[in-house]
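Please have a look at the model first.

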Amino acid sequence: MLNTGSNTFIPEEKIREIRASVSIVGVISDYVSLKKKGANYQGLCPFHQEKTPSFSVNEEKKFFYCFGCHASGDVFTFLMKQENISFNEAVKLLARRNGITLPEKPLSPRQLKKQSEKEALFEINREAARHYHRLLLEDDRQAEKARKYLENRGIGPETIKTYGLGFAPDRWDTLTKIFQENGKKLSGALKTGLLVKKDSGHCYDRFRNRIIFPILNIAKNVAGFGGRIIDTGEPKYLNSPESEIYSKRHTLYGLPHAIKEIQNKNKVILVEGYLDVLSLHQAGIQNSVAPLGTALTENQIRTLRRYTQDIVTVFDADPSGEKAMVRSLAPFLANNIAPRLVLLPEQEDPDSFVRKHGGEAFSEKTDRAGYLLDFVIEKIIKKNQTDTPRGRIEACDEIVPLLKQISDEMERDLYVQKVCRRMDLKEEHLRARLGRDKSPKSALPAKNRSTETASASGKNAEQLILQLMFYHPEVIEIIEHSSFLDELTDPDLKQICILISAAYKEKGEFSLSDIMTAIEQEDTKKRVAAFLMENPLAAEPAKVLQDCIRDIRLKKNIRQREKISALLKQAEAARDEDLSIKYLAESQKLLKEKQEILRLVINT
Ligand SMILES: [Zn+2]
């Protein structure tokens, strides 16, 4: 049911093995639609909002980089950021996905100490989830009504087990009793919100007399809980508060169990609550998820967009359902998604519908679903009496704000035409109402981007050296022989080049993560990542290296000659003959050196 034990120590070789054997393009493709461009793959960055792709992935070097927000790293970093999970969880997730077995071995006391706080919190949630689950299955007296409730809602024992449903008895100290004895666990349980502290310092259980729905993150760790009251009482649904490991805005109930089917069907069905998700999954419609108690957020839409563009929303056909429908449009339109809509007959929710008509009837409805925006516009037109001029104007006033939210210019234009045809309006009139709103978003980023790429590609010979070492490690030996790394003037680059050279000598290889971990300063990291992500230099690395070395030495020579010539001028002005002769000689020597540099050929 739930992810078991995070007390594993993963050896370094295993991490290297996974990094090397996993296709980073493949993993990231699960979230971002990537297109091959030169040596890299490109797509829309999942870490910042953009319309033109600035997110690159390099398979050869197992690395990603975003030219917009400078997010960078390897496949583990990507998953950590994307799924909000720890390094260990990312390693395990990939190992599972690729059938690599990890050796399990208990942590030593020192390693235990180092175990991240996040993992400790997940562990506490896991313990609570197990306890609640056991109580639902085993507690005879109190849990009976919870079991009855689930039975009445048609939730079977398999589903209860798979989704780890539980029961919190009507007591103040179910969990408090368990966690109280251990100070660390107590403070952890307070942090995840399982327990609440009174002003008096006493703690009590947040969830009481409720059916418990563990909310899993993508790595199937328990991030939080939802609790539904069993009898009457308020609130009907209670959620874990936001914590270090739980963010309502980012999480969707049922997603970890739904991902595969969402990808298979290339479609996701959005329903309202826990029980809707569970009954749909049970009826074989496993590509369904639900937001957690609040209206759908942009973050959740962006999460879903990684798996599919086809989002089908399900609403009840009552006034409050219709209001919710209109409200839900904005975040979709802002993210370039045209959601579709299934309207259920009045008094029905997905749960009651599949129980009455079966999963297939529901699937049919979702297959035939029309567009939500079309539905809402039609609704507005019908509501206003558009056979009168006044009614048409009123309808326009309601429709225009919706059209303004469409971020894609062409789509907006098509809707303008459609609405005008439908209401027999002149397009110029509707466009005038839309105003000068030519999507201000589209103009700015493009301008920023061009200056950004320009500066990123303005690389010099020292940067080229690093790029060469990175993509053509065979040149490292040549560099070692010519022992010119000392001559690099950029201190950051120099440090990194020396580091790569040392790592290569020692292990015969190095990974970009090795380099990244070694760089301390964040902006240096970004700078280095930026030019390493550029297309690798193709032909004749040895020749390019030679040109670089020549270039660097020439520049150094020029600087030295400039210095000497200034000193010479000073000496001549002071009529100091001895010094003048000395500088003149040095100047001659540097000129000779310059000739040598120009003739330089490195043995390869
Ligand atoms: Zn980005």
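## A helix pair and some backbone notes

Pro350, Phe353, Val354 and His357 in α15 meet Gly359, Ala361 and Phe362 in α16, where contact asks for C-beta atoms, placed from the backbone, within 7 Å. The residues of this contact divide into five nonpolar, two polar and no charged; Ala, Val, Leu, Ile, Met, Phe, Trp, Tyr, Cys and Pro count as nonpolar, Asp, Glu, Lys and Arg as charged, and the others, Gly among them, as polar.

This is a predicted model, so local features need pLDDT of at least 70, side-chain atom pairs count only at pLDDT 80 or more, and totals for chains, interfaces and linings use all residues. Residues are numbered from 1 along each chain as its sequence is written.

The axes of α15 (residues 350–357) and α16 (residues 359–367) come within 6 Å and cross at roughly 120°. That makes α15 oblique to α16.

Now for the backbone. Most residues other than glycine have a negative phi, and most peptide bonds are trans.

| Residue | Phi | Loop between |
|---|---|---|
| Asn266 | about 50° | α11 (255–265) and β12 (268–270) |

Asn209 is partly exposed, with 18 other C-beta atoms within 10 Å, while Asn266 has 11 and is exposed (buried is 20 or more, exposed 12 or fewer, partly exposed in between).

Finally, a cis peptide bond joins Glu234 and Pro235, with omega about -15°. Pro235 sits in the loop between β10 (222–229) and β11 (237–239).

Methods
Axes fitted to C-alpha atoms, helices over the stretch in contact; angles between N-to-C directions. Helix = DSSP H or I, 4+ residues; strand = E, 2+ residues; numbered from the N terminus. Parallel < 35°, antiparallel > 145°, perpendicular 65-115°, else oblique. Contact = placed C-beta atoms within 7 Å.
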